[in-house]
Every structure is written in structure tokens, then in C-alpha cells.
Amino acid sequence: MAAAASYSSASWRVRPSLTPWRSPLQPHGRAQRMAICATRMEYRSQVAPSAMQSSSTLHRFEAVSHDQKTIPERLAVVTGGNRGIGLEVCRQLALQGATVILTARDEKKGKDAVESFCHESNLSNIIFHQLDILDDNSCTSLAQYIESRFGKLDILVNNAGVGGVAVDQDGLRALNIDPKVWLSGKAVNLIQSVIIQTYDEAVKCLNTNYYGLKGVTKVLLPLLKQSTSGARIVNTTSLRSELKRMPNEKLRNELRSVDIWDEARIEAMLNEFLVDLKNERLEEAGWPTMLPAYSMSKTVVNLYTRILAKRHPEMRINCVHPGFVNTEINWNTGIIPPEEGARGAVKAALLPQDGPTGCYFDQTEIGEAW
Ligand SMILES: NC(=O)c1ccc[n+]([C@@H]2O[C@H](COP(=O)([O-])OP(=O)(O)OC[C@H]3O[C@@H](n4cnc5c(N)ncnc54)[C@H](OP(=O)(O)O)[C@@H]3O)[C@@H](O)[C@H]2O)c1
């Protein structure tokens with residue numbers, strides 16, 4: 001990496017400059033894209049008895065708001081809630097009594113997921129709202145909906161993510177890589193012919209996994225500050241983020257000290273990473289070579305989590321590695337089911353007020369990533 005320490009002004013930005021962020025309180029003309037499975041009043045009577053029993057102490061409502069709508073004690077937003085780990089986080093949070101806004105970029109997929117929760121699991125405390133974390137208008141629309149309907153948010157689970165590589169799936173399956181080899185990072189040579197880190201995929205990966213996550217968080221922060229049960233932010237990370245996997249020793253040491261980092265410096269580092277990727281200098285410069293963009297995106301998710309936790313000590317803000325979960329992001333090579341993979345995020349979302357903040361969870365336990 002060329003001069004890792006000089007993170008001065010970058011010549012170009014990763015994230016294309018889109019419409020500026022608007023305050024969630026600012027009116028706008030877009031129609032609300034939402035489907036509510038049941039109104040809050042209906043929810044009181046329709047919620048599954050099993051869910052009610054399993055969460056009797058959590059499942060309380062506050063007083064009726066000024067406009068006669070009941071406000072849930074815990075309101076959660078889950079990004080990328082239509083499948084995989086996110087879908088399961090929605091289910092488990094709903095079973096714990098939270099009202100969950102399941103978001104998905106594809107309206108049909110999101111509505112179908114909510115419908116099946118309604119009909120198959122009898123969970124009616126899950127609401128759909130469209131959200132593409134790469135689309136500023138979509139983020140603002142969600143914030144406006146929450147502001148007008150609930151006036152606050154208690155839990156944000158930043159789950160949406162992409163793998164950031166081009167893959168020959170048949171070729172990968174044919175390699176039949178042992179999960180232990182995969183997890184150790186030693187598969188890097190094996191996978192070279194079937195998993196390609198293209199520049200375009202790298203940009204998409206950083207935009208989604210880091211800039212998209214940061215954008216959603218920024219627009220929902222004013223609502224999280226209004227939380228009545230204590231705001232929780234859960235950022236989904238990966239063991240690829242663990243600093244022991246970062247070959248560049250100088251950078252590794254710098255990444256350990258959260259105090260020297262802010263968003264501008266993170267952006268400069270990511271720009272430098274992309275320049276080195278473009279110039280085919282990743283190995284020479286000491287960047288990760290196993291899923292390079294994905295690893296960098298999750299490394300900065302961890303850093304951003306720590307920065308936010310310092311900035312908002314009144315909230316509990318943590319990052320969670322879900323485990324090696326069998327989902328589409330890893331072409332279904334994972335070894336644990338989404339039900340198990342969701343547990344860490346759910347635990348971090350429901351932490352008590354004196355719980356940890358600014359930490360890395362390896363599934364449900366605090367681990368060491370930096
Ligand atoms: N599975 C694992 O072993 C593993 C390990 C470590 C970390 N993780 C992390 O866990 C999270 C969930 O992944 P998963 O395993 O459940 O994979 P998945 O099944 O591929 O789910 C990814 C989800 O993210 C959504 N998404 C992608 N880009 C989006 C965007 N721009 N806006 C909104 N939603 C978007 C996808 O929506 P579409 O359906 O529209 O594509 C999908 O719902 C990711 O952050 C991933 O990095 C997973």
C-alpha cells in the first residue's frame with residue numbers, strides 16, 4: 001500500500017455523490033412504500049399466543065400517543081430482512097416482542113416475507129417498508145415513515161450486505177473446500193480460479209457494506225435518539241474483519257487505535273485500497289488477499305462501530321459476526337443455519353442498558369477482532 005499513513009484528501013470518492021441527505025423530519029413528495037400487516041390495535045389481539053407467552057415481560061406498550069396510535073416499547077428496523085440472516089433476525093426479534101420493520105430493496109420480496117410471517121408463523125408484529133441502503137431517497141422515505149408513525153426508533157440492525165466478488169458457483173462447488181480451510185483464510189490460492197475480485201464488485205461492496213450502512217445509520221440516528229427503551233445499533237460484520245488477518249503491520253496497528261480514526265480518514269484509506277486494487281498491488285501493499293473488498297468493508301464497519309459507540313455513549317452500539325451461516329452470500333457453503341446465525345444480532349439488539357458497547361461479538365459472545 002502506498003504510504004498508508006498519508007490519508008489526506010483523496011482524489012476521488014468511492015461513493016458516487018447522490019442526492020444530499022435530508023432530515024427525516026423534512027417533508028417530501030414521495031408516496032410511502034409500505035405494507036402494514038396489521039395495525040397496532042389489531043396486533044394486540046392477533047399476536048401469536050406463543051409469542052406473547054415467550055415475551056410476556058417484554059411485550060408491553062407505552063401509553064397511547066398524542067394521535068391515538070399505540071407506540072411499541074421496542075421498535076426495530078432490520079436491513080436486508082427478506083432472506084438469510086436478516087429474515088431470521090426479524091423473526092426472533094418479533095418473537096421477543098419487538099415490533100419489527102422488515103426492510104428489503106425489492107418490494108415484492110419484502111412483502112412476501114412479511115406475508116409468510118403473518119400466515120405461517122402468525123407473527124403480525126412485523127411490518128414491511130422498502131429500503132435500498134444505496135438509495136438516499138429510499139433511506140429518507142423510511143425515516144419519514146418512522147417519524148410520522150412512531151416518532152422514535154429503538155433498534156437498528158444493519159444486516160444488508162454483499163460479497164463483493166464475481167463467482168463461478170459450479171467451479172466453487174466442485175472444489176468442495178473444507179469449511180475449516182475456508183474459515184482459516186488458507187483457501188486463498190484454491191479459490192483464485194473461481195472467485196474473482198473485480199474492481200466494480202469491490203466498489204459495490206464498499207458502497208453497500210460500509211457507505212450504505214453508514215448512510216442508513218445517519219438518517220435514522222435522530223430517531224434512535226428519541227428511543228424510550230435505550231437505543232441499540234447492531235452492525236453485521238465478519239471474521240474477515242479481524243485485524244490478525246490484515247497483512248500490513250503498520251496499518252494493523254493503526255486500526256487498533258480508534259482515537260486516530262474518523263469517517264474522512266476511513267474514506268481516504270478505502271480510496272487508497274481501491275487504487276491499489278486497480279493497479280493490482282494488493283499483495284505488495286499488504287491488503288487482505290482473501291475476499292479483499294469484503295474484508296476491508298467489514299474492517300471499516302468495525303471501526304465505524306467503535307467511533308459511533310464513543311460518540312453516543314448513551315446507546316449500545318456493537319458489531320456482530322454471525323458465524324459461517326448457510327446463506328446466498330457464501331453460495332450456501334456455510335455450516336450453521338440462519339436461525340443460529342441470527343442469535344448474536346438479536347442478543348446485541350436486546351442488550352440491557354448496562355450492557356457492553358463498542359464491542360465485537362463472535363456470534364453471541366464478545367470476541368477479539370482488534
Ligand atoms: N452468511 C455468512 O456466513 C456471513 C458471515 C459473516 C457475515 N455475514 C453478513 O451477514 C449479513 C447478512 O448476510 P446473509 O448471510 O444473510 O446473506 P444473504 O442471504 O445474501 O442476504 C443479504 C441481504 O442483504 C440484502 N441487500 C444487499 N444489498 C442491499 C441493498 N443495497 N439494500 C438493501 N438490502 C440489500 C439482500 O437483498 P436482496 O435479496 O435484494 O439481494 C439480502 O436481503 C451480511 O452483512 C453479511 O456480510 C454473513
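Close-up 1. Gly 215 counts as buried because 21 other C-beta atoms sit within 10 Å, against a cut-off of 20 or more. This is a predicted model, so read every close-up here with that in mind. Gly 215 belongs to helix 8.

**Close-up 2. Helix 8 beside helix 5.** Helix 5 covers residues 136–149, and helix 8 covers 199–224. Their axes come within 10 Å and cross at roughly 20 degrees. That angle is under 35 degrees, so helix 5 and helix 8 count as roughly parallel to each other. As for handedness, helix 5 passes helix 8 in a right-handed crossing.

**Close-up 3. Helix 8 beside helix 10.** Here the partner is helix 10, residues 263–278. The axes of helix 8 and helix 10 come within 10 Å, with a crossing angle of roughly 165 degrees. That makes the two helices roughly antiparallel, since the angle is over 145 degrees. The crossing of helix 8 and helix 10 is right-handed.

**Close-up 4. Helix 8 beside helix 12.** The axes of helix 8 and helix 12 are 9 Å apart, and the packing angle is about 15 degrees. Helix 8 and helix 12 are therefore roughly parallel to each other. Helix 8 passes helix 12 in a right-handed crossing. Helix 12 itself runs over residues 292–311, which is 20 residues. From first C-alpha to last, helix 12 reaches 29 Å, close to the 28 Å expected at 1.5 Å a residue. Of those 20 residues, 17 are buried, so helix 12 is largely enclosed by the rest of the structure.

**Close-up 5. The shell around the ligand.** How many residues surround the ligand? There are 32, and the closest are Gly 80, Gly 84, Gly 161, Thr 327 and Ile 329. By type, the shell splits into 15 polar residues, eleven nonpolar and six charged. Helix 3 and helix 8 each supply at least two residues of the shell. Which helix gives the most? That's helix 3, with three residues.

Close-up 6. Helix 3 spans 84–95, and Gly 84 is one of the residues closest to the ligand. Helix 3 has twelve residues and reaches 17 Å from its first C-alpha to its last, close to the 16 Å expected at 1.5 Å a residue. Is helix 3 mostly covered or mostly open? Mostly covered: twelve of its twelve residues are buried. Just after helix 3, Gly 97 takes a positive phi of about 100 degrees.

Close-up 7. Lys 225 lies in the loop between helix 8 and strand 8 (232–236). Lys 225 has 13 C-beta neighbours inside 10 Å, so it counts as partly exposed. Across the fold, Leu 153 is 72 residues away in sequence but 7.8 Å away in space, C-alpha to C-alpha.

Close-up 8. Tyr 360 lies in strand 10, residues 360–362. Tyr 360 counts as buried because it has 22 C-beta neighbours inside 10 Å. Tyr 360 and Asn 235 are 125 residues apart in sequence and 9.5 Å apart in space, C-alpha to C-alpha. Gln 363 is in the loop between strand 10 and strand 11 (365–366). With 19 other C-beta atoms within 10 Å, Gln 363 is partly exposed. Gln 363 is not a glycine, but it has a positive phi of about 55 degrees.

**Close-up 9. Asn 332, a positive phi in an exposed loop residue.** Asn 332 sits in the loop between strand 9 (316–321) and helix 13 (338–341). Its phi is positive, about 55 degrees, although Asn 332 is not a glycine. Is Asn 332 buried or exposed? Exposed, because it has 11 C-beta neighbours inside 10 Å, and the exposed class takes 12 or fewer.

How values were computed:
Residues numbered from 1 in each chain as written. Predicted model: local features only at pLDDT ≥ 70, side-chain atom pairs only at ≥ 80, totals over all residues. Helix = DSSP H or I, 4+ residues; strand = E, 2+ residues; numbered from the N terminus. Expected span 1.5 Å × (residues − 1). Near = placed C-beta within 6 Å. Nonpolar A, V, L, I, M, F, W, Y, C, P; charged D, E, K, R; others polar. Axes fitted to C-alpha atoms, helices over the stretch in contact; angles between N-to-C directions. Parallel < 35°, antiparallel > 145°, perpendicular 65-115°, else oblique. Left-handed = near helix turned anticlockwise from the far one by under 90°.
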